[in-house]
Amino acid sequence: MARIAREEMKKRLAVYFIMGSQNSERPAVDVLKEALDGGVTLFQFREKGAGALQGAEKEALARQLQRLCRAHGVPLIVNDDVELAIAIDADGVHVGQDDEDARRVREKIGDKILGVSAHNVEEARAAIEAGADYIGVGPIYPTRSKEDANEAQGPEILRSLREQGIAIPIVAIGGITVDNAQAVIEAGADGVSVISAIASASEPKAVAAALAAAVQAARSR
Ligand SMILES: Cc1ncc(COP(=O)(O)OP(=O)(O)O)c(N)n1
Ligand SMILES: Cc1ncsc1CCOP(=O)(O)O
Ligand SMILES: [Mg+2]
């Protein structure tokens with residue numbers, strides 16, 4: 001298997017849904033199924049925070065969500081837990097600045113997708129050097145889904161990274177909704193990454209479809 005091509009990665013980032021069992025009062029499998037039906041293009045399993053599953057229960061949920069993703073032809077990325085990603089043969093891993101070193105993760109996962117969080121141009125350049133396939137940039141807007149989130153930087157950070165020559169695929173994250181999705185794509189992101197917009201929606205399918213339409217509209221401007 002070869003590393004994912006840049007253009008394919010950009011397409012996959014369009015509507016990147018992140019969720020763990022703690023993000024919805026409904027079963028994660030039900031929410032994910034509806035979101036996939038609505039047009040989610042990439043999924044991240046992020047089992048983290050108060051009440052998060054551990055050990056065998058966490059792995060069992062990951063495998064259940066993986067079956068759904070595979071049935072829809074959507075890659076599954078595991079957040080933080082490199083060993084779990086390897087154990088279930090996930091499609092990739094996402095790590096942040098306080099997680100396992102990205103270079104070391106690349107060595108462990110071979111050609112799987114590697115996503116790295118970056119908050120500035122130095123972190124973006126280091127992620128590229130380490131072998132990232134995409135970077136996650138945010139929070140763009142205020143978020144209530146991550147306890148230790150940095151301050152929101154606004155879409156200007158995306159514009160600034162592009163102006164400084166950062167050409168790697170970028171997904172914007174943090175406080176993104178159907179209403180502001182177009183603005184972040186126009187500022188330079190290839191896609192939008194959301195937790196609450198879909199996980200807390202009464203109709204996850206409709207929100208995923210609306211996000212896909214907003215990204216598509218902004219891309220074709
Ligand atoms: C797509 C994407 N971008 C950023 C993050 C945040 O990663 P990190 O900073 O490691 O924080 P946690 O999510 O681990 O709390 C992400 N998960 N996904
Ligand atoms: C994991 C993460 N990293 C930066 S912001 C964030 C949370 C995004 O969640 P929401 O889409 O609900 O703001
Ligand atoms: Mg992390």
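Me: What should I keep in mind about numbering and confidence?

Reply: Residues are numbered from 1 along each chain as its sequence is written, while chains are lettered from A and ligands numbered from 1 in the order in which they are written. As the model is predicted, local features need pLDDT of at least 70 and side-chain atom pairs count only at pLDDT 80 or more, whereas totals for chains, interfaces and linings use all residues.

Me: Let's take helix α3. How many residues does α3 have, and what span does it reach?

Reply: Helices (H or I, at least four residues) and strands (E, at least two) are DSSP runs, numbered from the N terminus. The expected span of a helix is 1.5 Å times one less than its number of residues. Here α3 (residues 55-71) has 17 residues and reaches 25 Å from first C-alpha to last, close to the expected 24 Å. Just after α3, Gly73 has a positive phi of about 65 degrees.

Me: Which residues of α3 are buried, and which are exposed?

Reply: An α-helix has 3.6 residues a turn, so residues three or four places apart point the same way. Buried means 20 or more other C-beta atoms within 10 Å of a residue's own, exposed 12 or fewer, and partly exposed in between, with C-beta atoms placed from the backbone. In α3, Ala62, Leu65, Gln66 and Cys69 are buried. Seen down the axis of α3, these buried residues fall within an arc of 110 degrees (taken from the directions from the helix axis to the C-beta atoms), so they line one face of the helix. On the other side of α3, Ala56, Glu57, Ala60, Arg67 and Ala71 are exposed.

Me: Where does Ser117 lie, and what does it touch?

Reply: Contact means C-beta atoms, placed from the backbone, within 7 Å. Ser117 lies in strand β5 and is buried, with 21 other C-beta atoms within 10 Å. Leaving out residues up to four places away in sequence, Ser117 touches Gly96, Gln97 and Gly136. An unreviewed UniProt entry lists Ser117 under "binding site", along with others including Glu47 and Lys146; such annotations may be inferred rather than shown by experiment.

Me: How many residues surround ligand 1?

Reply: A residue is near a molecule if its C-beta atom, placed from the backbone, lies within 6 Å of it. For ligand 1 there are 18 such residues, the closest being Gly96, Ser117, Gly136, Ile173 and Ser193. Ligand 2 is surrounded by 14 residues, with Thr143, Ser145, Gly174, Ile195 and Ser196 the closest.

Note on methods: Contact = placed C-beta atoms within 7 Å.
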